[in-house]
Amino acid sequence: MTPFALLYALHVLAATIWVGGMFFAWMVLRPAAGAMLQAPDRLKLWADVFRRFFLWVWVAVLVLPIGGIGMWHMRFGPLESAPRYVHIMAGLYLVMLALFLRIQLLQLPALKRAISTEDWPAGGAVLGRIRRLVVINLALGLAVVALASARPPL
């Protein structure tokens with residue numbers, strides 16, 4: 001396997017884990033949890049889901065720029081030589097990273113506090129904010145996947 005192919009494979013796997021995880025959470029787990037669980041159990045479930053999933057997102061957050069920048073330099077040379085779609089994907093990554101960090105550093109601690117004090121209405125409000133951020137990140141992630149898939153072959 002060439003260095004480029006290795007970077008490409010790791011990059012695609014990291015994107016799949018992050019975007020696929022958000023898709024599963026939004027389209028499958030969220031409606032099932034809402035239909036099956038009362039607020040306290042639903043909030044506890046989501047706190048545990050986020051704890052587990054975010055470990056993998058941290059891996060993706062680290063692997064994506066390593067793979068992306070490595071491929072960028074191998075394929076296009078200087079940063080300004082890359083086509084517009086590469087710049088757009090890099091920019092969208094930064095927006096997605098910022099949204100993830102907002103959830104991880106601000107919203108998740110608030111959710112944990114609400115659960116620990118059994119303030120279920122506050123926890124529900126925090127979970128609603130997290131859901132809105134996740135759906136924005138999911139839309140951005142799907143846009144990046146579509147852009148990457150529609151680009152010229154490497």
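In which helix does Leu138 lie? Leu138 lies in helix 4 of a predicted model, in which local features need pLDDT of at least 70, side-chain atom pairs count only at pLDDT 80 or more, and totals for chains, interfaces and linings use all residues. Residues are numbered from 1 along each chain as its sequence is written, and side-chain values use heavy atoms, with hydrogens and water left out. The protein chain has four helices and zero strands.

**Overall fold**

- From the N terminus on, the elements of the protein chain run α-α-α-α; helices (H or I, at least four residues) and strands (E, at least two) are DSSP runs, numbered from the N terminus.
- The C-alpha trace of the protein chain spans about 55 × 25 × 25 Å along its principal axes.
- Of the 154 residues in the protein chain, 37% are buried; buried means under 20% relative accessible area, exposed over 50%, and partly exposed in between (1.4 Å probe, protein chains only).

- Met1 is found in the segment before helix 1 (3-36), and Met1 counts as exposed because its relative accessibility is 78%.
- Met1 and Leu43 are 42 residues apart along the chain, and their C-alpha atoms are separated by 44 Å.
- Leu138, in helix 4, is buried because its relative accessible area is 5%.
- Leu138 and Leu99 are 39 residues apart in sequence, with 10 Å between them in space, C-alpha to C-alpha.

- The whole structure holds two salt bridges, each being a side-chain nitrogen of Lys or Arg within 4 Å of a carboxyl oxygen of Asp or Glu.
- Asp48 and Arg51 are separated by about one helical turn, because they are three residues apart in helix 2 (residues 39-76).
- Asp48 counts as partly exposed because its relative accessibility is 28%, and Arg51 is partly exposed because its relative accessible area is 43%.
- Asp48 and Arg52 both lie in helix 2, four residues apart, about one turn of the helix, and their side chains meet in a salt bridge (2.8 Å, N to O).
- Salt bridges that share partners link Asp48, Arg51 and Arg52 into one network.

**Aromatic residues**

- A pair of aromatic rings is described by the distance of the centres and the angle of the planes.
- Rings of Phe, Tyr and Trp (its six-membered ring) pair if their centres lie within 6.5 Å; planes under 30 degrees apart count as stacked, over 60 as edge-to-face and the rest as tilted.
- A search of the whole structure finds six aromatic pairs.
- Phe53 and Phe54 make a tilted pair, at 6.2 Å centre to centre and 45 degrees between the planes.
- Phe53 counts as buried because its relative accessibility is 17%, and Phe54 is buried because its relative accessible area is 6%.
- One aromatic cluster is formed by Trp18, Trp46, Phe50, Phe53, Phe54, Trp58 and Phe100.

**Surface patches**

- Patches are made of residues with over 30% relative accessible area and no salt bridge; like charges are joined within 9 Å, and nonpolar side chains (Val, Leu, Ile, Met, Phe, Trp, Tyr) within 5 Å.
- Arg102, Arg129, Arg131 and Arg132 gather on the surface in a patch of positive charge; Lys and Arg count as positive and Asp and Glu as negative, while His and the chain ends are not counted.
- The place of a charge is taken as NZ of Lys, CZ of Arg, CG of Asp or CD of Glu.
- Helix 4 (residues 120-150) gives the most to the positive patch, with three residues.
- Arg129 lies in helix 4 and counts as partly exposed because its relative accessibility is 35%.
- Phe23, Phe24, Met27, Val28 and Leu142 form a nonpolar patch on the surface, together having about 460 Å² of accessible area, from the Shrake-Rupley method with a 1.4 Å probe; for residues, only the protein chains shown count as cover.
- Helix 1 supplies the largest share of the nonpolar patch, four residues.
- Leu142 is found in helix 4 and counts as partly exposed because its relative accessibility is 39%.

**Backbone at Glu118**

- Most residues other than glycine have a negative phi, and most peptide bonds are trans.
- Glu118 has a positive phi of about 55 degrees although it is not a glycine.
- Glu118 is found in the loop between helix 3 (84-116) and helix 4, and Glu118 is exposed because its relative accessible area is 57%.
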